Amino acid sequence: MAERKRIVVVGGGAAGIGLCRSLARRFRDTHDVTLIDRNRTHVWKPLLHEVAAGVLDPNLEEVGYGGHAARWGYRFFRGALEKIDRERQVVTTSPLLDEDGDVLLDRHEIAYDWLILAFGGVSNDFGIPGVRDHALFLEDRGQADRFRQKLLNACLRANARRAEGEDATVPIVIVGGGATGVELSAELVHAARALNSYGLESFPSDAMRITLLEAGPRLLPALGEDVVAKVEDELTSIGVDVRTGAKVTEVRADAVSVEGMEDLPATLVLWATGIRGDPAVADMSDLELSKADRILVNPDLRTVTDDHILAIGDCAHCEPPGQDGPIPPRAQAAHQMADHAVEVIAAVEAGRTPEPFTYRDHGALVSLSRFATVGSLMGNLAGGRVAIEGRLARAAYLSLYRLHIISMHGWLRGLARLAAKQLGRAVRPQIKLH
Ligand SMILES: Cc1cc2nc3c(=O)[nH]c(=O)nc-3n(C[C@H](O)[C@H](O)[C@H](O)COP(=O)(O)OP(=O)(O)OC[C@H]3O[C@@H](n4cnc5c(N)ncnc54)[C@H](O)[C@@H]3O)c2cc1C
């Protein structure tokens, strides 16, 4: 009997978790699939702003890797990638520590025939002083939980001071006018409006002061000007202070400095200015990287350095022919790359040359919480972007999430989960206060 080949996937995020299910199904009889992730559970990243604002309970969204692996026939290994030894075709994970810092599991080696890197990116702080020390990020569930806890504590404190007659507020500065910053601003307004009826009786919604800063001339550069104008109007009408052309020069514990403006007081600063590759990758391997530390891949998603290593999702820098610039770090791109990676392995093993990856941009949509959903879809008939809003935009916005659920759980279980979520919405509180 032929020896089984080993496919190792590092990172079970938007790209990796559905990929493991697909690989395990496609290569059931010939390959062993192993997923390595530093966390025990998966929460889809585009939901993190809702988790941060407290309008979504992450416990109801998370998927345990162990259970998912057992269900779909792959192995899960918890650990953080530390080293890639290309010569021996072995990856090493760093020692796994418990909550007290004691070693749970020592450094570990896992051998591969195929290695697929899908470990995402890190927030780009552009080296601006104080960002790493004082700002919060939305890179994973832990960080979103931390933001929510700090937000609730700040609101509770302000509520108590207001009950004593003080005019206490909670100023929040969100840096970055992309989808994350815009969507979080709207979710925070929604949360602030709900807090009052959840026991913070002295805390009116306008006591949460939200300022959204964007260094460029306008929000959401990926969207058309008409759509962006609508977003700005809507944010302003719900009370968000939107400032474009605002270049942050420093973040301190209680304020943000902006070029040419007065300092902005800030109890909380959320940094959402985009994603770059993890600089640690340069120490882990000799893979060739872009200037932004993303792994350089050929058009078929195999790395330019090694034919047996693929990189997909936010950690990859891919510029296939005909593509105007590198593929953007987005969930829809991550999902499509995951599908393509399966075909690449199948093609190479069948002795064929793999097809180049083709990115299908389905458009960009922005959800302003319960207030509005706007964006544009790629319209084949119109031959370009078509602006949409309202219910149609909401349905299109949710379709990406639904596709992710189905890619993780299959049609039957995926639809059952979506139905359960819909039912749950009717009985759950509007915000998570713990
Ligand atoms: C708030 C927010 C909203 C967004 N909204 C949208 C949207 O509406 N539409 C859209 O298209 N995109 C959106 N995005 C972007 C989208 O989430 C990312 O592009 C997508 O998640 C990238 O997928 P990925 O699999 O490459 O990485 P990720 O989803 O980030 O997954 C990376 C995985 O790798 C693991 N990992 C990291 N380092 C290591 C290591 N050293 N060892 C082991 N495991 C590791 C992590 O634990 C994680 O599970 C949003 C992002 C955010 C933060």
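Biologist: At roughly what angle do the axes of helix H6 and helix H7 cross?

Modeller: The axes of helix H6 (residues 141-163) and helix H7 (residues 179-195) cross at roughly 40 degrees and come within 13 Å. That makes H6 oblique to H7. Angles under 35 degrees count as roughly parallel, over 145 as roughly antiparallel, 65 to 115 as roughly perpendicular, and the rest as oblique. The axes are lines fitted to C-alpha atoms, for helices over the stretch in contact, with angles from 0 to 180 degrees between N-to-C directions.

Biologist: Before we go on, what sort of model is this, and which residues count?

Modeller: This is a predicted model, in which local features need pLDDT of at least 70 and side-chain atom pairs count only at pLDDT 80 or more, while totals for chains, interfaces and linings use all residues. Residues are numbered from 1 along each chain as its sequence is written, and side-chain values use heavy atoms, with hydrogens and water left out. Helices (H or I, at least four residues) and strands (E, at least two) are DSSP runs, numbered from the N terminus.

Biologist: Back to the pair. Which residues of H6 and H7 make the contact?

Modeller: From H6 they are Phe-147, Leu-151, Leu-152 and Cys-155, and from H7 they are Leu-184, Leu-188 and Leu-195. Contact means heavy atoms within 4.5 Å. By class there are seven nonpolar residues, no polar and no charged. Ala, Val, Leu, Ile, Met, Phe, Trp, Tyr, Cys and Pro count as nonpolar, Asp, Glu, Lys and Arg as charged, and the others, Gly among them, as polar.

Biologist: What does Ile-172 touch?

Modeller: Ile-172 touches Phe-147, Leu-151, Leu-188, Met-208, Arg-209, Ile-210, Thr-211 and Leu-268, not counting residues up to four places away in sequence. Ile-172 sits in strand S13 and counts as buried because its relative accessibility is 0%. Buried means under 20% relative accessible area, exposed over 50%, and partly exposed in between (1.4 Å probe, protein chains only).

Biologist: In which sense do S13 and S14 pair?

Modeller: Strand S13 (residues 170-175) pairs with S14 in the parallel sense, over six bridges. Two strands pair if DSSP finds at least two bridges between them. Val-173 has Thr-211 of S14 as its bridge partner. Strand S14 (residues 208-214) is mostly covered, with six of its seven residues buried.

Biologist: Different topic. What is the strand order in the five-strand open sheet?

Modeller: The order is S5-S2-S1-S11-S22, and the pairing is parallel. Strand S5 (75-78) and strand S22 (309-311) are the edges, each pairing on one side only. The twist averages 20 degrees from one strand to the next. Strand S2 (residues 31-37) pairs with S5 over four bridges, and Thr-34 stands opposite Arg-75 in S5.

Biologist: Which strands do H4 and H10 lie across?

Modeller: H4 lies across S2 and S5, running at about 160 degrees to S5. Helix H10 (residues 331-349) lies across strand S1 (5-10), S2, strand S11 (114-117) and S22, at about 160 degrees to S11.

Biologist: And how do H1 and H4 cross?

Modeller: The axes of helix H1 (residues 16-26) and helix H4 (residues 65-72) come within 10 Å and cross at roughly 20 degrees, which makes H1 roughly parallel to H4. Ile-17, Arg-21, Ala-24 and Arg-25 of H1 meet Tyr-65, His-68 and Trp-72 of H4. Those residues divide into four nonpolar, one polar and two charged.

Biologist: Why is H1 called largely enclosed?

Modeller: Eight of the 11 residues of H1 are buried, so H1 is largely enclosed by the rest of the structure. Among them are Ile-17, Arg-21 and Ala-24.

Biologist: What about the three-strand sheet, which strands are at the edges?

Modeller: The order is S6-S7-S10, an open sheet with antiparallel pairing. Strand S6 (81-85) and strand S10 (108-111) are the edges, and the twist averages 25 degrees from one strand to the next. Strand S7 (residues 90-93) and S10 share four bridges, with Thr-93 opposite His-108 in S10.

Biologist: Last one: is Ser-290 buried or exposed?

Modeller: Ser-290 counts as buried, at 14% relative accessibility. Ser-290 is in the loop between helix H9 (281-284) and strand S21 (295-296), and touches Leu-296 and His-317, not counting residues up to four places away in sequence.
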